[in-house]
Amino acid sequence: MAALPWPRCQSIKSLDRAAWEGASSDLPVVYVVLRMASLLESGWQFLTTHFSEFQLASVATFLLHESVFFLSGIPFMLLERAGLLSKYKIQVRNNTMDAQEKCILRLLFYHFCVNLPVMLASYPVFRAMGMRVTLPLPSWKVVISQIVFYFIIEDFIFYWGHRVLHTKWLYKHIHSVHHEYATPFGLTSEYAHPLEILFLGFATIIGPALTGPHLFTLWLWMVLRVLETVEAHCGYHFPWSLSNFIPFYGGSDFHDFHHRVIYTKSGNYSSTFTYMDRLFGTDKDYWKWKENQSEGKKA
């Protein structure tokens, strides 16, 4: 099959004709990919035609975040309530209905009173740093390389910030809010003190702020980051969990340990990937616990 250039979402008609002719056996797959690219372009054209840049970069970003966060987090809460898939639940303990409702109400308050104002205020900053909204959309090479960079820099900043939050004074006055739930479920991922919310927001947006991405890349990064943190707090470890397949991926089992032990000895401070904990030895208690678990099962 001839090398087919990844479409930059301009038009199927603009693609190299020879590439089409050389893709005879894989034509259905090629067509699907190109059709999806065309639909994505059309959808983006609709958004930029009917909404202002400010509306898309602030209000639409907030609405996308809320949709992804609650739609991905609520199912884990319902699983816990119904007792379904309990064999994959990491902890035996369950949260009470009152505790779950408290989490949701506090989240809505924080999201509308902290997250939304921050998103509205951040628009001029991102605009000044080169964020684009208009077509053409960036190539996938650019999108993937930027998102990889965002994960790396977010992991680094989050690790050190999170570790500092576990010092005595900061834990007592700020981070202890997040640790009210020793048995986390998906929505507790963003249950935190307002100052911690601002810190987490900084760790997440510093990468995009440095690169000045297209809004599409920013949205994709936000969706991936939300899904990752919800999964890390979901309270379930499934056979299909990403930590079973991706080296150094933290996931729910790794982060759940962080919530269940005393704050001064918790370790496991990493965000998405665990290499920072491995480098600085802050995951030793976790691996000892895993080893003891394995020995207990053998016995």
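Trainee: How much space lies in the second largest pocket?
Mentor: About 460 Å³ of space lies in the second largest pocket of this predicted model. A pocket here is an open set of points on a 1 Å grid over the protein atoms alone, where a 1.4 Å probe fits, with protein on both sides within 12 Å along at least five of seven lines, and lining residues have an atom within 4 Å of a point. Grid points are joined across faces, edges and corners, and the volume is the space filled by probe spheres set on the points.

Trainee: Which residues lie nearest its centre?
Mentor: H237, D253, Y286, W287 and K290 lie nearest the centre of the second largest pocket, which is lined by 22 residues.

Trainee: And which helix gives the most to that lining?
Mentor: That is α11, with 7 residues, while α9 (251–260) and α11 (284–298) each supply at least two. Helices (H or I, at least four residues) and strands (E, at least two) are DSSP runs, numbered from the N terminus.

Trainee: What about α9, is it mostly covered or mostly open?
Mentor: α9 is mostly covered, since 9 of its 10 residues are buried, where buried means under 20% relative accessible area, exposed over 50%, and partly exposed in between, with a 1.4 Å probe and protein chains only. The buried residues of α9 include D253, a residue already named among those nearest the centre of the second largest pocket.

Trainee: Switching over, what volume does the largest pocket have?
Mentor: The largest pocket has a volume of about 880 Å³. Of the 40 residues that line it, H65, I197, L200, G201 and T204 are the closest to its centre. Two or more lining residues come from each of α3 (53–82), α4 (97–128), α5 (140–165), α7 (194–211) and α8 (215–232), and α7 gives the most, with 9 residues.

Trainee: How does that lining divide by class?
Mentor: The lining of the largest pocket has 20 nonpolar, 16 polar and 4 charged residues. In this scheme Ala, Val, Leu, Ile, Met, Phe, Trp, Tyr, Cys and Pro count as nonpolar, Asp, Glu, Lys and Arg as charged, and the others, Gly among them, as polar.

Trainee: Before I go on, what should I know about the numbering and the model?
Mentor: Residues are numbered from 1 along each chain as its sequence is written. The model is predicted, so local features need pLDDT of at least 70 and side-chain atom pairs count only at pLDDT 80 or more, whereas totals for chains, interfaces and linings use all residues, and side-chain values use heavy atoms, with hydrogens and water left out.

Trainee: How many helices and strands does the chain have?
Mentor: The chain has 11 helices and 0 strands, and buried residues make up 47% of its 299 residues.

Trainee: Where is there a cis peptide bond?
Mentor: A cis peptide bond joins L135 and P136, with omega at about 0 degrees, and P136 sits in the loop between α4 and α5.

Trainee: Which residues other than glycine have a positive phi?
Mentor: F248 is one of them, with phi near 65 degrees, and N268 is another, with phi near 50 degrees. Most residues other than glycine have a negative phi, and most peptide bonds are trans.

Trainee: Is F248 buried or partly exposed, and what about N268?
Mentor: F248, in the loop between α8 and α9, counts as partly exposed at 45% relative accessibility. N268, in the loop between α9 and α10 (275–280), counts as buried at 0% relative accessibility.
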